[in-house]
Amino acid sequence: MENPTLGFICHILFFIALGFRYSNGQSYSLQMYHKFSPEVKEWMTWRHGLDTDGWPMEGSNEYYKALHHHDSARHGRKLADYPSLTFLAGNITNSFSQLGYLFYTMVQVGTPNVTLLVALDSGSDLFWVPCDCQECAPTSAPYYGLDININLQTYSPSASQTSKPVTCDNTLCDLQKKCSKSSDQCPYNVAYVSANTSTSGTLVEDILYLIPGNGSQSGTVVKAPITFGCGKVQTGSFLQGAAPYGLLGLGIEPISVPNILYKSGLVSNSFSMCFPQNSSVGRFTFGDKGTSGQKETPFIIDQTHPTYYLGVKEFYVGNALVKTEFQALFDTGTSFTYLVDSVYKSLTSNYHLQRQASPLAIDDSNIPFEFCYEISNSQSINQGPNISFNFNGGNNFSAIQPLVFIGDPNGKLVGYCLAVLQSSTVTIIGQNFMAGYQLVFDREQLKLGWKEANCYDLEYSSSAASAPSSLTPLQSPLAPSSVDDSAHKSYTNTNSSTGSPPKQSISPDALPANPNAIGNDATHLSPFFLCVVISFTVTITILTNLF
């Protein structure tokens, strides 16, 4: 069967051959024709008998649309099917104090679909859920004191009609060396920065249910095939109330859900999160590119382990300017903000000097903050001196509400703390500094966008489960209790006996290779070569006749 691509290339080569013209007896010019030009239309009608009356007219909307489709295909990109997508239950996210102050959302996976309450984390890549458990946290909502009127379920590949094992020859399999043969199911192991916190199991492919993110196309359900982890063994914080129902990684690596949706052509390579200032309800949307009025700063991408780092040139605490440069991980999966020693001391000392309040003495290991203050019944609460970072690019990012509030056992408000913690080697801007912003993670342009927003005022929302409130904060379960140079969430082979650092990045190809690709290319090689030879012969013949 004649290959249409090969035929088109041959036609182009033939036209190039015919396009040579003799000029001044010394040189030759090459005349080229546009794919929608009258000459090409005439040729296609004569050569193939095609009706070209329906071809787009130059300058028309259809003309530019056709060119755009051509460019997208040429660049290996597919036009997004939807402007934005969100989860089947809506774009609502909730923060639960009982589950470590992370933001959670409801997702539906599998056939028949099961409902899961998963944490959203931009600091890691893999989406995983507890599955066929050998060691997992309890998944009963009452166990954690959650008052939610939703039937939370667990996922099992054997119970889903659409589940497929991801084999070791898949490009998303990072632990291929652990496989005895390529047809084995791919194992995974993800270690997090919190001490002894990890998840391990096997990779599976199944359906994630989504809907258009702007509320349009009511009734449309998108069934997106994704790769995620069947988490059989959890350790550390995952057994102590952090993400007991699973974690949805939003990082840069190919295995992350935003990247898989983009590679599938469903949405643009971006997502947005809105963190509320004075409530526990936020928003999440895939494909959101933000607005023209937002501020922006570029991500700093470390190719050894790509993640969302930002460059800080200086920062303000009230009227004090601190001239120091550093990089910070912008991590939605860390509840509070962590600063390296020198930055921590500069920020907190300037804050304390300008804070007009009496220190609050706290004898509670659950309160990890150093700078806490009393509040009386007649005293109004304000955040005190403003804290803001001047990012690369010159835009300023202010922490709208960097405080957490402290209650006594009876629930009476007694004080508040600056929710900033000291770290040995890494700086993390956590969720508490993101409150009050609509944040856009533009992964195509590699930049962060932000704009102050009331999450309730966004264009589309859905009903949400009410989140219980608590005045006593817990330590962020995925944040570093003792951070070292390996402080990041990455794929590791914990059983390695070589002593060498484990590979931390995944294959750059996000989709499995086409097993027929090599065979098809080999089949087309011979006629393509013949096409070039014929075109070259025609060219030589024309040039010979000209002489």
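Which residue forms a disulfide with C133? Let's start there, and then walk around the rest of the chain.

Before the answer, a quick word on what we're looking at. This is a predicted model, so local features need pLDDT of at least 70 and side-chain atom pairs count only at pLDDT 80 or more, while totals for chains, interfaces and linings use all residues. Residues are numbered from 1 along each chain as its sequence is written, and side-chain values use heavy atoms, with hydrogens and water left out.

Okay, disulfides. A disulfide is a covalent bond between the sulfur atoms of two cysteines. The cut-off here is a pair of cysteine sulfur atoms within 2.5 Å. Searching the whole structure turns up six disulfides, and I'll take you through some of them.

The partner of C133 is C136, with the two sulfur atoms 2.0 Å apart. The torsion about their S-S bond is about -95 degrees, so this disulfide is left-handed.

Next up, C274 and C455. Their sulfur atoms sit 2.2 Å apart. The S-S torsion is about -95 degrees, so we call this one left-handed. C274 is in strand β13, while C455 is in the loop between β28 (447-452) and β29 (490-491), so the pair ties together parts that are 181 residues apart in sequence. Both of these cysteines are buried. When I say strand or helix, I mean DSSP runs numbered from the N terminus: helices are H or I with at least four residues, strands are E with at least two.

Then there's C372 with C417, at 2.0 Å from S to S. Here the torsion is about 105 degrees, so the disulfide is right-handed. This pair links distant parts of the chain, 45 residues apart: C372 belongs to strand β20 (residues 372-374) and C417 to strand β24 (residues 413-418). C372 and C417 are both buried.

β23 and β24 run antiparallel to each other, paired over five bridges; for two strands to count as paired, DSSP has to find at least two bridges between them. Why do we say β23 is largely enclosed by the rest of the structure? Because four of the five residues in this strand (residues 403-407) are buried.

A243 isn't a glycine, yet its phi is positive, about 50 degrees. You'll find A243 in the loop between β11 (222-235) and β12 (247-249), and it's buried, at 1% relative accessibility. L446 also has a positive phi without being a glycine, near 55 degrees. L446 lies in the loop between β27 (437-442) and β28, and is partly exposed with a relative accessible area of 34%. And between T111 and P112 there's a cis peptide bond, with omega about 0 degrees. P112 is in the loop between β5 (103-109) and β6 (114-121).

N269 is in the loop between α4 (257-263) and β13 (270-275). N269 is buried, at 8% relative accessible area. Which side chain does the N269 side chain make a polar contact with? That would be R443, at 2.8 Å. Leaving out residues up to four places away in sequence, N269 touches several others, including Y262, F441 and D442, where contact means heavy atoms within 4.5 Å.

And S163 sits in the loop between β7 (127-135) and β8 (164-165). S163 is buried, with a relative accessible area of 19%. The side chains of S163 and Y155 are joined by a polar contact of 3.3 Å. Beyond four places in sequence, the residues S163 touches include P157, V204 and D206.

Key: Buried < 20%, exposed > 50% of the residue type's maximum accessible area, 1.4 Å probe, protein only. Polar contact = N/O pair within 3.5 Å; in protein donor to acceptor, adjacent residues only side chain to side chain.
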